[in-house]
Amino acid sequence: MTDSTLRMSTADPLARTPRKLTFDSKRIRARYAAERRFRAYGVAAIVFGLAFLVWLFATLILQGYGALQQTRIKFDVTLDREILAPGGTVDDTALRTADYTAMVRTALRTTLGIGSDRVARREAYALMSNGADSELRRIVLADPTLIGKTVPVWISASADVDTFLKDQKQRQLAEDRRRLNDRQIAWIDRLTADGRIDRQFNTALFVNGASSDPEQAGMGVAIVGSLYMMLVVLLTALPVGVAAAVYLEEFAPRNRWTDLIEVNINNLAAVPSIVFGLLGLAIFLNFFGMPRSAPVVGGLVLSLMTLPVVIIATRASIKAVPPSIREAALGVGASKMQVIMHHVVPLAMPGVLTGTIIGMARALGETAPLLLIGMVAFVVAYPATPFDPATALPVQIYMWAGASERAFVERTSAAILILLAFLVVMNATAVILRRRFERRW
Amino acid sequence: MSTPLVLAAVLLMTLAGFAAGRQRALASSGGHARSLHSRPAYYGSYVALWAAVPAFLLLALWVVAQPLVIDMMIRSHLPEEIRGLTRDKLSLVLTTIDNIATGRAVAGEVPAYAREAAARKVELQASANWAMAVLAIGLAVIGFLFAWRRVNPMLRARNSVERATIVALIACSGIAILTTVGIVFSMLFETLHFFSLVPPQDFFFGTVWDPRFTAAGSEGSAGQFGLIPLLWGTVFISLVSMLVAVPVGLLSAIYLAEYAHKNVRAWVKPLLEILAGIPTVVYGFFALTTLGPLFRDIGASLGFEVSATSVLTAGVVMGVMIIPFVSSLSDDIINAVPQSLRDGSLALGATQSETIKRVVLPAALPGIVGSILLAVSRAIGETMIVVMAAGIAANLTLNPFESVTTVTVKIVSQLTGDLEFNSPQTLVAFALGLTLFVVTLGLNIYALHIVRKYREQYD
C-alpha cells in the first residue's frame, strides 16, 4: 500500500514540481482549442442531422414529383357502332363488355402505320398502357353520343414510355440495356413530333386502386382505407381516452389499483408497435373473428396505440385548468361531476384535441402492426364500409417499395410525399389549435 | 331481425326514454323545475340509461355467445364417427357446414350429414336472431317502463346518473389494463402452444434459424427455430444505430442547451424533431433505394463487398431516426441541471466545454443514460426499417457489411401470407413477440429506475 503510493508519487511529475500559478499561454491555448473543437462537434452533430433531413426530402421530392404527371398519347379512335351498339340500340351491358382493346389497338396501328407484322404490333402495343381499354370504356360510358364517330382520345402511355420520356439519360444507353428498343423510340419521337404525346396531371395516382401496371396504380383505396382508420381512431380513442383520463385525474383514489393503471399507460406508450399487431391478430382476428384487411380492425389496433397519447395529453390539460374555476362552480352548487363535465373538460378540450391529432398523425404513419392484420392486400375496388377489404397509405408505400418496376420508385416517392403532406396538415392543425385556443391562466 | 335493426330499435327506445323521462319529471312537478330534486335532463338520462344499458349488455353477450352455442349444438348432432375425428379434420367439416349454411360454393361431394347440419344451422340462427330481437327490445321496454314509473320529484336522478357515469369512466380506464392483459395473454397462450411443439431450450439457445415453410397440412415439418441469430441481428443493428444516434444526439443536445442562441434553438429543435415524426416506412424506403445502393457503391470502390441490405444501412438510418429521442430527452435533462453548478465551475476558471464535460454531464448522467436506454428499446422494437433494409437471411456474423435479420423482421415474415394457426412456423412469431415485449418492457422499467434512483436532487 505505502509502496505503491510512493511509486505513484514519484511517477507523477506534477507532484514533484509545484504547480505554477503564472500565466501559461501554451496550456491556455490548448484549452481554448479544446473549447473550439467541442463547439465544432456540436455544430457538426446538428449539421449532420439537418443535412440528413434535407437529403431525405430532396431525394423524395426529386424522385417523386415526376409521378404527378403521366405521359399520355393521343389517338384518333373510331368508336365502331357495329361493336358498341349492335343492332343500332345503345345497350348498357354491350357498352360495358365491348372489345375496347381492339379499338385502341386499331387506332394505334393506323397512327403508326403498322401492317400485319406481328413483332411490330407487339412492340407498338407495349407503348400503350394495359389499362387503355378501361380508360376508353370510361370515356364512352360518360358520353355515349360519341359512338359511331372518330374522336381524338388521350390514352395513358405505358410505364416504360413514361419513364423513358422523363429520364433523358435512357436515350444514351445501349439498346439492350433499355426497356424500349430503337424502333419504339423512333415511334415515340414521331408521336412527339406530331404533338400526340403530352404529359398531363396524373389523376390515376390519386384515384385508382391497386394495379400491377405502374401507370394504372393509384392510392385511392389506400387513402380511403386510411381515412376510415383515422375515423375509427377518432371515434374510439378520443372518448375512451378522455374518460379514462378524467377518472384517473379527478376521481381515482391514490391506491395500488390506480398506480397499476398509471404504470400500465406509461408502458403501453413504449411497447413496440409490432406487438400491437400481434395483439390485433390474436384477439381481433382469431378470437373475435373479425375480417382480415378491414380498416375497422386496423383502426382498433391503432386506437389502442393512440390511447396512451390521448390519456397523457388529457391529463396534462385537465391539470392546467386552474382551481378557481372548479371552486367557483362548486360554490354555485354544482356537483363534482357537473363541475368536471360542464367546466373542466370543455376548458381542457383544445389541449385534448391537440394531443389527439398528434397521436393520430403518428397512427397514420404506422405500418408494422397493419402488416400483421392483413392490410398488405391487393385491393382494386373502393371499400364501401370500414368492414370491407382496403389497404392503408403507409402499407401501400411498403408494397410499392417492394415492387420491381422502375416506375414504382417514382410512385412510391410520390405516395410518401402525399403521406407527409397529410402529416404536415395534421400537425399544423394541432399547432394552430394550440396557438388559437390554448389559454394561459 | 338483423342485429343493426335491433340496435336501431334499442337506440330509438333510449331517445324516447330521455324525452319521456324529462317530460314526466316536468309534468309531475307541475312545470316548476325548481321543485325537482335534479334538473329535468337528469330524469331523461335516468330513463334512457335504464332503457339502454340492460338491452345493450344483453346484445353484446348474445352476439359473442350465439356462434359458440350454435356451434356446440351442431357438433353434438353430428354422427358419431365424425365427432371422433381429429381436431383439424373436424374443423374442416365445420367449415364446410358453415360454407353451405352461408350459401358459399363448396368444392367436391357434400355428405348428407353436412347438408343436414347446415340446414339445422340456418334454422337455429334464424330462431336465435328472433329470440335476441324479442329479448333485447323487451328488456329495453321493461327498463324504460320501470324507470319511467319511478320518475317523481323526489327521485334522486342526478345521483344515479352520476354513479353510472363513474362506472363508465372506470371501465374506460380499465381498457388500458385490458390492453396489457390482452397483449400478455394472447402472446403467452400462443407461445405455450409453440413450446408444446418446439422445446424452449431449442428456441432460446438454438443458433440456427430455419423454419422451413411446408405445404399446409403436411405432418412432421420440423424446422429449427434458434433465437440467437435473430437476437444477435437485433442487437448488432441497434448497436450501429446507437453509434450514430448517441454522439450526434448528445452533442446536438449539448450545443442546443449550452451554446446555441435562443433563436437558433427555436428553429433547430423542431427541425430535428421532424426526424422522429417521419413514418418509419419512409426511412425504410430511403434506406432501400438510396442509402443501401450508395453504401454498396462506396464499398465497391474501396474494395469491400457491401451487400445492398446490410447492418450498416439499417443501423445508420435507424440511428438518424433515433437522434431526436436522444437529443430531446438529453436536452431537457441538461436544462434541468441548476445554473449555480455552471456558475461555480466557470468562476473557478474552467472554460465552457470543461464545465460541460466535468460538471454538467456528470450531473445529468443518470438522465442521459435513461434516455439512451429508452432509445435502445425503441431501436429494438423498430420494424419497418429493418424489414426493408436489413435483409431476411439469419446470419450470425460480425461483419457490418453483411445482411442480418432481426426479431421484428421474422415476426412480420412468419405472419404474412396464408396462416395456419397450429404450425410452429406461425406460432413462433408469438414467441418472438413475447420475447420482444419482455425485453423492451425490461429496458423501459430499468431506464425509469435508473433515472429515479440516481437523480440528484438540487433543491
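Colleague: Which conventions apply here, and which pLDDT do local features need?

Modeller: Residues count from 1 along each chain as its sequence is written, and chains are lettered from A in the order in which they are written. The model is predicted, local features need pLDDT of at least 70, side-chain atom pairs count only at pLDDT 80 or more, totals for chains, interfaces and linings use all residues, and side-chain values use heavy atoms, without hydrogens and water.

Colleague: Where in chain A is confidence lowest, and where highest?

Modeller: pLDDT is the predictor's confidence in each residue, from 0 to 100. Chain A has a mean of 85, with 93% of its residues at 70 or more. Confidence in chain A is lowest in helix H1 (residues 2–11), at a mean of 46, and highest in helix H16 (residues 323–331), at 94; helices are DSSP runs of H or I, at least four residues, and strands are E runs of at least two, numbered from the N terminus. Residues 1–10 of chain A have pLDDT below 50, and beyond near neighbours in sequence this stretch has two contacts in the model. Where pLDDT is low, the predicted coordinates should not be read in detail.

Colleague: How many salt bridges does the rule find across the interface?

Modeller: The rule asks for a side-chain nitrogen of Lys or Arg within 4 Å of a carboxyl oxygen of Asp or Glu. Between chain B and chain A the rule finds one. A:Arg31 and B:Glu354 meet in a salt bridge at 2.8 Å, N to O.

Colleague: Is A:Asn202 buried or exposed?

Modeller: Buried means under 20% relative accessible area, exposed over 50%, partly exposed in between (1.4 Å probe, protein chains only). A:Asn202 counts as buried because its relative accessibility is 0%. A:Asn202 lies in the loop between strand S3 (197–201) and helix H11 (203–207) of chain A. Leaving aside neighbours within four places in sequence, its contacts include A:Gln69 and A:Arg411.

Technical notes
Contact means heavy atoms within 4.5 Å.
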